[in-house]
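Here is a short briefing on how two chains meet. Look at the structure, then read on.

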There are 2 protein chains.
Amino acid sequence: MEHPFDTACALERAGDGRFSGNAPEAYWNMAGPFGGTTAAVLLRAALFEQPDGVEPVALTVNYCAALARGAFTIDARATRSGKSVRHVDVQMQQDRGIVATASVVLALRRDTWSHQVATMPEVPSPDAVAPMPTDGRLPWLQRYEFRFVRGAWQPQAQTYATLHSAHSTLWVADRPPRALDYLSLAALCDVFFVRAFHVRGTLVPAGTVTMTVHFHASAAELAAQGPLPVLGTVDAHTFTRNFGDQIAQIWSSRGRLLATTTQMTWFKE
Amino acid sequence: MEHPFDTACALERAGDGRFSGNAPEAYWNMAGPFGGTTAAVLLRAALFEQPDGVEPVALTVNYCAALARGAFTIDARATRSGKSVRHVDVQMQQDRGIVATASVVLALRRDTWSHQVATMPEVPSPDAVAPMPTDGRLPWLQRYEFRFVRGAWQPQAQTYATLHSAHSTLWVADRPPRALDYLSLAALCDVFFVRAFHVRGTLVPAGTVTMTVHFHASAAELAAQGPLPVLGTVDAHTFTRNFGDQIAQIWSSRGRLLATTTQMTWFKE
């Protein structure tokens, strides 16, 4: 049986750079599907028919409107193709207009000197951390296994009198397990719960407006990770006037930085 | 006399969402102008004819090719306009094709609870830090006053045997002084020297491929900063296979976080 993530990323080619697909029921969130699968399917359209060896370097997704149930179309268009770097713009449409856009930087990357400045925090192994119960919760939550090392979300009846830290550290994996690739890595960048919930303790209407992902690992390095949980570290700089930011890192089991990601999230009140 | 930054951002309206402008000689870098002015003029096109009170929330600029001397055209197109959030896609063209694209998130932001999690480091005041000499150097360097508190770039004859930190802290201001606004703030997000130079000690062919800016301050807060230097803090997570990242924060004199920015920079070898 096809993994629900692959179903979510399934595209039918409908012409040159034109595709059709379906909003994934298996990843449904409150209003529309989880933003991570939207990011992944936009990235998939950009990678379609690229020569072997071309890998994603950066992805910015702008979430323009909630995706409705049912069909969508995607248009992908190369804006510039250089010797090693390619730029692709992608748009997702439904009946009522554009629902998401993305700009994607792709490259034929070669070996160079390397220097990982950031280091993964010391954490217990995934087996030593209990998974968050997700049975009966929103469909997209059931598609991941969240093992919070620090900063689990503890819903409160009342807003905290003193606002809390925005930091969380967690092991996270697709459920059922699935070997890591660029598409699932892009989606994993959006699994962190809205930081405004963490700092306030209560739910407020909120949604990601824009997410940027920077990719730091080769296809071979992602394949080496296989289906094992990756470590996510996430924090925020500031919340003000309807918007809060988020910055996160995704690490391999061995402490290799796979991706960094930032977003701006809208919140009400 | 017009400030060179305003000359760099000057646009002539050539139709609905269509503009023309000129690559700014006063901000010339090695191959093409400083990326900060390109970001600013793309943002200006997106802000053109927006209703009063609409402010930028996020900007992603993709640098597709070096901008040549002379004229360029810009096309700005609203992809979706909601009640409070608007999305605009922008493209800059020259004779040989698209040279840069941008996606811009704009919003009518309202007062909400706020929570600045990040704190500005303790630093000496700008007056207590000597400016970096820029006379006779690249034109764009002469358009800014750089006062390095930590991590000044010290060009080396040989690559460091042990790679260095990617961190810098500096006061930076337009030269001549100019009151801060969203356009100059966007440009300031790109003033940090390529982090690969800092960690290696030597110059290598390099250039920003994509930059994302998140705006955290109101127009009134920027106006309150006036022409005073802002503090920039910058670092990187990793360098590998032709690309390094960058993350930076821009702070007001009073420690208010004005913007956060990330980029991916290409380097050779």
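Which residue does the side chain of B:Arg241 meet in a salt bridge? The partner is A:Glu55, at 3.0 Å from N to O. This is a predicted model: local features need pLDDT of at least 70, side-chain atom pairs count only at pLDDT 80 or more, and totals for chains, interfaces and linings use all residues. Residues are numbered from 1 along each chain as its sequence is written, chains are lettered from A and ligands numbered from 1 in the order in which they are written, and side-chain values use heavy atoms, with hydrogens and water left out.

**Extent**
- Chain A and chain B each bring 69 residues to the contact (heavy atoms within 4.5 Å).
- About 5,800 Å² is buried between chain A and chain B (accessible area, 1.4 Å probe, lost on being put together, summed over both).
- Carbon and sulfur atoms give 59% of that area.
- A:Trp113, A:His237 and A:Arg241 supply 16% of what chain A buries against chain B, more than any other three residues.

- Two salt bridges are counted between chain A and chain B (a side-chain nitrogen of Lys or Arg within 4 Å of a carboxyl oxygen of Asp or Glu).

**Strands**
- Strand β12 (residues 238–240) of chain A runs antiparallel to strand β7 (residues 115–116) of chain B, joined by two bridges (strands are DSSP runs of E, at least two residues, numbered from the N terminus; pairing takes at least two DSSP bridges).
- A:Thr238 has B:Gln116 in β7(B) as its bridge partner.

Notes: Buried area is the accessible area (1.4 Å probe) that two parts lose on being put together, summed over both. Helices (H or I, at least four residues) and strands (E, at least two) are DSSP runs, numbered from the N terminus.
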